[in-house]
Amino acid sequence: MEQEIEKRKRDENEDEKWVHDASVDYKNRVPLRSSTGAWKAALFVLVIEFSERMCYFGISSNLIMYLTQVMHEDLKTATKNVNYWLGATTLMPLIGGFVSDAYTGRFHMIIFSSLVHLKGISLLTMSQLIPSLKPCNNEICDRTRKVHEVVFFLALYCIALGTGGFRPSLQSFGADQFDDDHLEERKKKMSFFNWWSFTLCSGMVFGATMVAYVQDFVSWGVAFLILTICMALTIIVFYMGMPFYRYRRTEGNPLMQILQVLIAAIRKRNLFCPLNPALLHEIPKSENSQGRLLSHTSRLRFLDKAAIVEDTEEKENPWRLATVTRVEETKLIVNVVPIWLTTLIIGVCIAQSQTLFVKQAAAMNLNIGHNFKIPAASMVSVTAICTMISVPTYDKIIVPVLRKVTGNERGISILRRIGIGLTLLLIIMVVAALVERKRLRMVGHEVVTEGGRKHETMSVLWLVPQYLMIGIGGETLSIVGLQEYFYDQVPDSMRSLGIALYLSVFGVGYFLSSFLIIIVDNVTGKNGKSWIAKDINSSRLDLFYWLLAIINALNLCLFIFLAKRYTYKTVQRKNGN
């Protein structure tokens, strides 16, 4: 008996030594737990994420100012162009994530797309430093050169293309470094998403403050050159981490597997679905080499018919017979769609912080004290700093307390976290409407000073509360919650595509924001006073924010209805962890 116990312990220690989650090391072997993955590998991922986010926010946070001040676009055109680009950078990952999951693998997609991203930033630098590509012949001009417009927008969309492959692959690649079947690593993975957001916001702070400051008070060319050098260096650092990474093999087109389940279910639509799920077809654990198996759920029972065995010959044809795991993966995708639709409002609200909020700030008093003036785009850093404080607080203090109270590994469920964030976004729109109304009342007011009369302008510090709440509600709760949801609640073979779906929330949200601006402008412009005019002081952004608050409230009710009826993914663990 003692010998059997000792043998069992040796076997457990041997299993603990290696990672059996279908991943491999850089030599295509089963990874050794002590020398691969976990934080030792994830740190390389976070380094390149910091650099890429600094580049992104160094461009996006001040882009509307460049378009209006350097390229002389009006507010409406500039806002639409910013939203189109932001939308492209967050919709392209749908293509990049699919290609990564189905064909190239995540690591190779990261390397390729980061080089494309670097090419785009290099083009931006050239458009500022090469005389023939500069906006104007002289320091000041009324209209930019056509060649500059072509190169500038080509560079922007080259960055969007690189981002399309880079972002979904990098985040899922980072999360892949943690073994879901190992209790300690599973907890570390939950922390990874929080620290991913911390790193993202650190990049945002540098991009929206230091880079924006160089853009406003030194030159755009120097700022873009700094970003180019930083991106090039971190690509090299990421490549040096190859021996420490765990890699996932591609499993072919994941959408084809879903299509096979749907076809099989339709073919067997007239069959009676058994009440006992054990009668449905599944691969035995001992024969499974394709990753984790999923437990049967009682929702969407029609799809279960795809796993009904009619004859043994069917097992060779995936178009006629699917496993329970494939059926459950299809159910996951069906369940994700309504949640995705109800979270699009998050992208709409975040779009305002990078467009109209920035123009609000530019129309306010930007002086902090007597001698220091901040760039309008740097207000985004308030959100980032708030997130950098709230994420560690949530991860290290709030989550451990909630785990003891609720018994949930995450503290609270993913959808509850997102729901709290949606509630705060509703409050943000109300606060933004009230602040903008107060700002408009002060436009044209004059005050008497020692130097005579001058126009009174509202301090930019009035915008701090709404930026702070975006940090808590938008970033710490909603965005991190979305990252976890779209990574965890999709099939394991579609995790890059899952992250792409998370990013598409913002891409579609940005396009919806542009569409909403067009509709509001057309409807309100018929009365002679558009809510979104060429000049911010003649606009009525307060009414536009009230409209967004009403849409948020209706959307929140629908989200709560769906969340209460949601069934989470249930994995058959290989052990008791």
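## Cavities, a surface patch and salt bridges

The lining of the largest cavity is made up of 13 nonpolar, six polar and three charged residues. Welcome to a predicted model, in which local features need pLDDT of at least 70 and side-chain atom pairs count only at pLDDT 80 or more, while totals for chains, interfaces and linings use all residues. Residues are numbered from 1 along each chain as its sequence is written, and side-chain values use heavy atoms, with hydrogens and water left out.

**Cavities**

- A cavity here is a set of points, on a 1 Å grid over the protein atoms alone, where a 1.4 Å probe fits but cannot get out; lining residues have an atom within 4 Å of a point.
- There are three cavities of 30 Å³ or more, and the largest has a volume of about 250 Å³, volume being the space filled by probe spheres set on the points.
- Of the 22 residues lining the largest cavity, Phe57, Ile350, Gln354, Glu475 and Tyr510 are the closest to its centre.
- For the lining classes, Ala, Val, Leu, Ile, Met, Phe, Trp, Tyr, Cys and Pro count as nonpolar, Asp, Glu, Lys and Arg as charged, and the others, Gly among them, as polar.
- The second largest cavity has a volume of about 90 Å³, and helix H9 (residues 324–342) gives the most to its lining, with four residues.
- Helices (H or I, at least four residues) and strands (E, at least two) are DSSP runs, numbered from the N terminus.

**Surface patch**

- Tyr213, Phe217, Val218, Val222, Ile226, Ile368, Phe372 and Leu461 form a nonpolar surface patch with about 690 Å² of accessible area together.
- Such a patch joins nonpolar side chains (Val, Leu, Ile, Met, Phe, Trp, Tyr) within 5 Å, from residues with over 30% relative accessible area and no salt bridge; areas come from the Shrake-Rupley method with a 1.4 Å probe.
- Tyr213 lies in helix H6 and is partly exposed at 37% relative accessible area (buried is under 20%, exposed over 50%, partly exposed in between).

**Salt bridges**

- The count comes to 16 salt bridges, each a side-chain nitrogen of Lys or Arg within 4 Å of a carboxyl oxygen of Asp or Glu.
- Asp179 pairs with Arg33, their closest N and O atoms 3.3 Å apart; Asp179 is buried at 3% and Arg33 is buried at 12%.
- Glu185 also forms a salt bridge with Arg33, at 3.0 Å; Glu185 lies in helix H6 and Arg33 in the loop between E1 and H2, so the pair ties together parts 152 residues apart in sequence.
- Glu52 and Arg53 form a salt bridge with closest N and O atoms 2.7 Å apart.
- Salt bridges with shared partners join Arg33, Asp179, Glu185 and Arg246 into one network.

Conventions: On a 1 Å grid over the protein atoms alone, a cavity is a set of points where a 1.4 Å probe fits but cannot get out, and a pocket is an open set with protein on both sides within 12 Å along at least five of seven lines; lining residues have an atom within 4 Å of a point. Patches are made of residues with over 30% relative accessible area and no salt bridge: like charges are joined within 9 Å, nonpolar side chains (Val, Leu, Ile, Met, Phe, Trp, Tyr) within 5 Å. Buried means under 20% relative accessible area, exposed over 50%, partly exposed in between (1.4 Å probe, protein chains only).
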